[in-house]
Amino acid sequence: MMNDMWECFKRDLKSGIGVVEWNLLWRRWKFSNESVTTVFKKNATKNGDKIAIRYMDDKWTYKRLDQFSYQIANYFASVAGLKAGDEVAIMMNNKPEYVGIWLGLIKAGIIPAFINTNNRMDCLMDCLKAFNCKAIIYDLEYYSALTDIYDELNSVYPAMKYFVWSKDHNYNVIDSNNNTGPPKFVSESFCQYLKNHCKNSLEVFHKRNFKDILLYVFTSGTTGGKAKAAIETDARILLAASGQKIGYRLRNSDNIYLPLPLYHAFGGLLIVAQCLINGITITIADRFSASKYWADCIKHECTIGLYIGETCRYLLAQPSSPYDTQHSIRAMCGIGLRKEYWNQFKTRFAIRHIFEFYGASEGNVYLVNLNDKEGSCGFIPYYYWIFLRLIYTGCIIKVDPITYEPVRNRKGLCKMIKPGDIGCLVGVNKKISPIYVFEGYTNKNETNKKLIYNIRSNGDSGFISGDLLEMDRYGYMYYKDRIGDTFRWKGENVSTNDVEAVLQNYVNLKDCTVFGVTVGKCEGRAGMAVINAEENEIDLQELAQQLIKRLPPYAIPLFIRLSTNIELTGTYKLIKYKLRQNGFKPQLTDDLIYYFNRKSNTYERLTNDLYECIESGELNKNESLNDNDNYEVKPTISCESDYQPLVRVIECDPSVGIASLPEQHVKRVLKNKSIAFNIMVLGQTGVGKTTLMDSLFNTSFANESARSHQLPVDVIIHYYDLNEKDVHLKLGIIESRGFGDQITCDNPCKPIVDYIVQQLNISFEEEIKLKVRTKRHDTKVHLCLYMISPIGHGLQAIDIQTLKALDLLTNIIPVIGKSDLINKEELQRLKSNIMSDIENNGIKIYRFPITEPEVADINNKCNDLLPFALVASNDFITIDDKQIRVRQYPWGTVEVENKSHCDFMHLRDMILKVNLEDIRQTLEESHYECYRRHRLETMMKALQTDNSYEVIRRIVMEKLEPRLKAKEKELKAIESQIHQKFEQINKQRMDEKMILDFDRQRLDEDIRTLEIRKKLLNIKCNNNPSKSSKTK
């Protein structure tokens, strides 16, 4: 046990250091507003001649990939007529151009969407309708797939553009069978155009931001609905790629073998990102081949291998070969390696490390097995619960074994599982990192289906993965199954609703249901359909052809059961639970069950013997149940059919009440919660700080006025509760008395800086506590109004010194106090000089955001007014029965709230009406995060000292020492009991031995006595023979 705990400690220590390193890296990217394109550009500049992608015998350097992507960007931005924000589908096979095309699209600001090349008919159409598709880029072989859906596609997107990638053709009109008849649509072959026109094109580069939408990838998720386009942002990909490099211990000299489809998020996004972001070479194979896997790794000198789903079992099923150990692969990374094959795979192929990974394309929770724990897909740290509360989102909740609904406690919160139990993995949304926030899908309704609320605390929300995992006592996770209306087969998530829709169209809306069943030792679950019909009512062979035409190969039900007696619930839904338990075993039912033969593409009757062959794995080798030589199996596409789906149209009210959700959210947030806002007014005495606060919040705070002789600088905070239309504001006003008043005061801004840093540190220390308080008042300084005297030509030395010291700690808005003391020309000149001083000294002030269209215009205008020229007053006059706040002079009256007299109303509106929440958010995401990064760096340096390891070990051992002593005491008591029992048994044994010895002695004496008597008798007989004869 102690050895296991020590191994956990080393594991957690390494992961903790890796997490700190990862946080520092992505926060630096966020601070500099990096994106995938900017990071790739730096890599291309640094590693221009380094090989980025290997494909067959072709080698793409970073320079070539960069130039090709710019050609793509120029073509689609200028020639093709697409613009930034347009969404484009990509349906292509594995090749370097696939990467170059989507990289070029994002450089032009176009959003690509990866389409599964196995999709056909309704599945393909659902994918294209999941987003606002403006164009399709496809390989020549998928022309027929697009032709099948062209009529429906044209009705939805009449202005759709088609672009075909074909190096062997230089014409635009293409027919899939090379026939000369007129095609259904015209496609532009841009390959030849790039060769002829775009070689020397200018670099069109769309300015991308850290949190921009990068692209879409498709997943069925756990809700079982239609295909959903998951949103992937630049931030998520940057964070995931950097995290994988640290977790997988990747090196810049590595070469990753990529045989997985590029439309998958794992291979086509995360692994390709290692090339684009981290400068690691990747080798792309056109598809997975078990017989060529190790030969390709040797040929291309790969050092990292990838797997997914059943691919490892396919490799083990291959005959032994010298290639098995002649490769240079040191580690395998992937998803879905079964525990029973783990050590066998490592031993046979001489693999040093296996990094099992868990994650969903759209999810916000990720797991990685860092230390080769057999069968584990990752872990939750055992020791670092303090940091875990800050950085980790994952938790496993209890679910009902039948309905899979979350089990909740009396407070309505989700119950967490105990070690050894099985539950559903949930990722709680945390804004500390973009990768810990569930971005969702393009369809908001589908996004809401994947959200779960009140997980750990009331009001929180998170992403429900739909995967059942088991956790052991040391935090290791083990994947068990999927829940909901999906199942996983061939490494793909299959939506049961999609399959049921295709089935119902053919069986004339008869009751049918689809679910996943386990098949022998195969990974995942194969599809099984139960149809409420008799054998003579359905032509199974025609059904097979329809399924082949309309579904990907992995989604075709492997088994079909015909039943006339299916149990229904009270709401007329089929009970899947019992059907799933029975599976496809013929002995458990009298219904007919059929098996899909992939070689003949027909359904055959499932007998008991055939069932035993499937379960034992014998049929898998002969009937290609596994398709283990080629992972990506292309379906047989039939030609035109007269089959028309039967569609039922139901009219309903389009409004279901979702539009009220924002109002519900606002009411819930504001019900019993006040909003904290702390504002510091900084300036020399007499500039009007107190009067400005009274005017700004239209009240009288009645604070004691400061006096100019106070020394040293005194920082005082007053809290006030303000209410307006059921909104509660906890206002904190921080005064700085004596600031700038004393000529001999060294570093007058130090007390100010110390106070702001102290408040930031309070929040940081609170976060790293083991138990964070849910109700904690925020004392951070959200805004500093820096008041500048109107007497002067610009900023004074003390102003520059103070502003430079504060600009990284809080939001600063410069204002000119008592601006009515100078005329307009002097005021405008002073404003210009102040802004010049701010820019020349590199001072960062708060700018009102212009990214949101609703407030962009007004914020932009008010940014031009900086610094605000203010007039404040506590005097009122009555004009037209209204109280007007004014400053009166012999020559006239200045109205404080008149925008033509001063900028006071602009300042109030910008701070309180328009941008108060943005000010709070900017402090959290920029200034506070900068401070947190500094503190984490300090902690990291402390960890890297020579004695840090011993210090941590001593701290942990001190915490474990009471438990060890208690355990030793318990063991001693048990040992004493054992000794007493032993002594008792030993004494009993000795007593029994004594008795036995005594009995043995008695028997020995009796034997000796008998011997003596016998001898005496013999002697007596020998001495008297005559007497003896007479006696006879």
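Reader: Which residues do ring pairs link into a cluster?

Author: In this predicted model, the cluster linked by ring pairs consists of Tyr257, Phe288, Tyr293, Trp294, Tyr314, Phe345 and Phe349, and the structure holds 31 aromatic pairs.

Reader: How is a pair of aromatic rings described?

Author: Two values are given, the distance of the centres and the angle of the planes. Tyrosine 150 and tyrosine 162, for example, form a tilted pair, with 6.3 Å from centre to centre and 45° between the planes. This pair links distant parts of the chain, since tyrosine 150 belongs to helix 7 and tyrosine 162 to strand 6, 12 residues apart, and both tyrosine 150 and tyrosine 162 are buried.

Reader: What sits over the ring of tyrosine 928?

Author: The charged end of lysine 780 does, 5.1 Å from the centre of that ring, and the charged end of arginine 933 sits over the ring of phenylalanine 31, 5.3 Å from its centre.

Reader: How many salt bridges are there, and are arginine 27 and glutamate 929 buried or exposed?

Author: The count comes to 36 salt bridges. One of them joins the side chains of arginine 27 and glutamate 929, at 1.8 Å from N to O; arginine 27 lies in helix 1 and glutamate 929 in helix 29, 902 residues apart, and both residues are buried.

Notes:
Residues numbered from 1 in each chain as written. Predicted model: local features only at pLDDT ≥ 70, side-chain atom pairs only at ≥ 80, totals over all residues. Heavy atoms only, no water. Phe/Tyr/Trp six-rings, centres within 6.5 Å; stacked < 30°, edge-to-face > 60°. Helix = DSSP H or I, 4+ residues; strand = E, 2+ residues; numbered from the N terminus. Buried < 20%, exposed > 50% of the residue type's maximum accessible area, 1.4 Å probe, protein only. Lys NZ or Arg CZ within 6 Å of the ring centre and 35° of its normal. Salt bridge = Lys/Arg side-chain N within 4 Å of Asp/Glu carboxyl O.
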